[in-house]
Amino acid sequence: MVLAVIGGSGFYTFFDKDARSISVDTPYGAPSGAITVGRVGRHEVAFLPRHGANHQFSPHSVPYRANMWALRALGVRRVFAPCAVGSLTPELGPGSMVVPDQLVDRTSARADTYFDSGGIHVGFADPYCPTLRAAATELPGVVDGGTMVVIQGPRFSTRAESRWFAAQGFTLVNMTGYPEAVLARELEMCYAAIALVTDLDAGIEAGAGVRAVDVFAEFERNMVPFKQLVREALESAADAAEERTCTHCQPHEGVTLPIELP
């Protein structure tokens with residue numbers, strides 16, 4: 001099994017039929033939920049709901065290390081990570097689908113490495129796999145590029161924070177994109193986020209500000225085309241995934257992974 005999808009808010013299932021469930025134990029506890037394995041086209045794909053099957057994990061309490069470890073232990077090497085985001089620019093309205101090329105970490109106190117000793121440093125200048133990004137951005141209607149700022153949550157931004165982020169040139173705001181991306185990088189897994197815009201952030205649009213109920217409603221309205229986009233991106237990436245042609249996510253030079261993995 002090479003490919004996986006990590007579903008974000010509202011994205012709790014992926015396969016309509018013929019999927020099997022796998023439980024994986026990790027040194028970091030249990031992942032968010034059982035991993036289901038099914039097929040997309042002729043390819044086997046693993047699926048994990050980031051927040052759990054019943055959205056029981058808030059962004060700051062998601063077991064990110066367990067999630068990524070469990071997928072890697074099953075042999076996964078490439079991960080698409082659909083997520084809900086707020087927009088920091090009016091040009092990207094609700095319903096827009098964006099594949100970011102950069103992120104900014106504004107989280108705090110999240111366990112974000114497997115290397116707790118040994119003086120190991122892993123490159124992260126370009127956080128997303130270019131091969132996976134290309135598989136998604138070649139699809140119709142997808143916006144290529146943008147910087148996603150990841151905030152701690154679970155609260156939304158103040159208007160001042162939102163305006164500040166926009167002034168820095170950031171285009172998307174999210175609560176779960178970090179440390180997921182860097183943990184994937186540490187485990188030598190290709191990783192790309194696919195973002196669905198659910199709202200204009202508080203400082204961009206006048207009104208009552210962002211409400212969770214509206215975010216979930218917008219995500220639900222776009223769920224069918226969003227899942228279809230992810231399926232098409234998986235199929236597009238499948239051949240490259242089998243050949244392992246990406247140079248961005250190859251083994252780290254001089255670094256030994258903390259456990260033996262497939």
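Biologist: Which residue forms a salt bridge with Asp116?

Modeller: Arg65 does, with the closest N and O atoms 3.7 Å apart. A salt bridge here is a side-chain nitrogen of Lys or Arg within 4 Å of a carboxyl oxygen of Asp or Glu. The pair ties together distant parts of the chain, 51 residues apart: Arg65 is in helix 1 (residues 64–73), and Asp116 is in the loop between strand 7 (102–106) and helix 2 (130–137). Helices (H or I, at least four residues) and strands (E, at least two) are DSSP runs, numbered from the N terminus.

Biologist: OK, and what kind of model is this?

Modeller: This is a predicted model, where local features need pLDDT of at least 70 and side-chain atom pairs count only at pLDDT 80 or more, while totals for chains, interfaces and linings use all residues. Residues are numbered from 1 along each chain as its sequence is written, and side-chain values use heavy atoms, with hydrogens and water left out.

Biologist: How many salt bridges are there in the whole structure?

Modeller: A search finds 5. One of them joins Arg20 and Glu44, at 3.1 Å from N to O. Arg20 sits in strand 2 (residues 20–22) and Glu44 in strand 4 (residues 43–49), 24 residues apart.

Biologist: Is Asp116 buried or exposed?

Modeller: Exposed, because its relative accessibility is 62%. The cut-offs are under 20% relative accessible area for buried and over 50% for exposed, with partly exposed in between (1.4 Å probe, protein chains only). Arg20 counts as partly exposed at 44%, and so does Glu44 at 26%.

Biologist: What about Arg133, which Asp144 pairs with?

Modeller: That salt bridge has its closest N and O atoms 2.6 Å apart. Asp144 is in strand 8 (residues 142–144) and Arg133 in helix 2, 11 residues apart. Arg133 counts as buried because its relative accessibility is 12%.

Biologist: New topic: at what angle do helix 1 and helix 4 pack?

Modeller: About 35°, with their axes 9 Å apart; helix 4 covers residues 177–186. Axes are lines fitted to C-alpha atoms, for helices over the stretch in contact, and angles run from 0 to 180 degrees between N-to-C directions.

Biologist: Which residues make the contact?

Modeller: Tyr64, Arg65 and Met68 from helix 1, plus Tyr178, Pro179, Glu180, Leu183 and Ala184 from helix 4. Contact means heavy atoms within 4.5 Å.

Biologist: Last one: how many disulfides does the structure hold?

Modeller: It holds 0; a disulfide is a pair of cysteine sulfur atoms within 2.5 Å. Cys83 is buried at 4% relative accessibility, and Cys190 is buried at 0%.
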